[in-house]
Amino acid sequence: IVGIIGAAGLVLEELQTGNGCPKIGAIPVCIIILLCFLVPFVVHLRKKLNSLYFIFTGIAWVIAIVATVLQFTQNAECPKTSGNIPMCYLSLLTFSTLIVLKIIYIRSYNNLK
């Protein structure tokens, strides 16, 4: 939910100013990331289609890895929090955590059967 709110804020800024987040081609990355939070959230609540969960979190994870490497090597600039932390770092941490926690959840659910 925190990721959805954060990404939605960037999408609103992008829609208002056209300068809220970096773009892949003509598509603002924050819109892709918002979808990569929304789809897994709905999939998790419905407890079906885990493959969609991993596809969307995986897409966001790859984007976050690339953005983090580009930020770290100073070849690109990620949007920053008010504390000056690049959001791509937080995105990488968040999506890594979501993927690991979902794997743990699936394994423990299967062990209960």
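Visitor: How much space lies in the largest pocket?

Guide: About 620 Å³. Bear in mind that this is a predicted model.

Visitor: What makes a residue part of the lining there, and which ones are closest to the centre?

Guide: A lining residue needs an atom within 4 Å of a pocket point. In the largest pocket 29 residues line the space, and Leu 10, Ile 33, Met 87, Cys 88 and Ser 91 are the closest to its centre. The elements giving two or more residues are helix H1 (2–17), strand S1 (23–24), helix H2 (29–46), helix H3 (50–72) and helix H4 (87–112). H3 gives the most, with six residues.

Visitor: What about the second largest pocket: what is its volume, and which residues lie nearest its centre?

Guide: Its volume is about 250 Å³. Of its 14 lining residues, Pro 40, Phe 41, His 44, Tyr 53 and Leu 98 lie nearest the centre. H1, H2 and H4 each give two or more residues to that lining. By class, it holds ten nonpolar, three polar and one charged.

Visitor: Why is Gln 71 called buried?

Guide: Buried means under 20% relative accessible area. Gln 71 comes in at 10%, so it is buried. This residue is found in helix H3. Leaving out residues up to four places away in sequence, Gln 71 touches Ala 76, Glu 77, Cys 78, Lys 80, Pro 86, Cys 88 and Tyr 89.

Visitor: What makes a set of residues a nonpolar core, and which members of the largest one touch the most others?

Guide: The members must be buried, of the listed nonpolar kinds, and joined through side-chain atoms within 4.5 Å. The largest core has 14 residues, and Ala 7, Cys 30, Ile 33, Leu 34, Phe 37, Ala 60 and Phe 95 touch the most other members. H1, H2 and H3 each give two or more residues to this core, with H2 giving the most, six. In soluble globular proteins, nonpolar side chains tend to be buried together.

Visitor: Which residues is Cys 30 in contact with, beyond its neighbours within four places in sequence?

Guide: Those are Ala 7, Leu 10, Val 11, Glu 14 and Cys 21.

Visitor: What is the predictor's confidence across the chain?

Guide: The mean pLDDT is 90, and 99% of residues reach 70 or more. Confidence is lowest in S1, at a mean of 84, and highest in H3, at 95.

Methods. Residues are numbered from 1 along each chain as its sequence is written. This is a predicted model: local features need pLDDT of at least 70, side-chain atom pairs count only at pLDDT 80 or more; totals for chains, interfaces and linings use all residues. Side-chain values use heavy atoms; hydrogens and water are left out. On a 1 Å grid over the protein atoms alone, a cavity is a set of points where a 1.4 Å probe fits but cannot get out, and a pocket is an open set with protein on both sides within 12 Å along at least five of seven lines; lining residues have an atom within 4 Å of a point. Grid points are joined across faces, edges and corners, and a volume is the space filled by probe spheres set on the points. Helices (H or I, at least four residues) and strands (E, at least two) are DSSP runs, numbered from the N terminus. Ala, Val, Leu, Ile, Met, Phe, Trp, Tyr, Cys and Pro count as nonpolar, Asp, Glu, Lys and Arg as charged, and the others, Gly among them, as polar. pLDDT is the predictor's confidence in each residue, from 0 to 100. Buried means under 20% relative accessible area, exposed over 50%, partly exposed in between (1.4 Å probe, protein chains only). Contact means heavy atoms within 4.5 Å.
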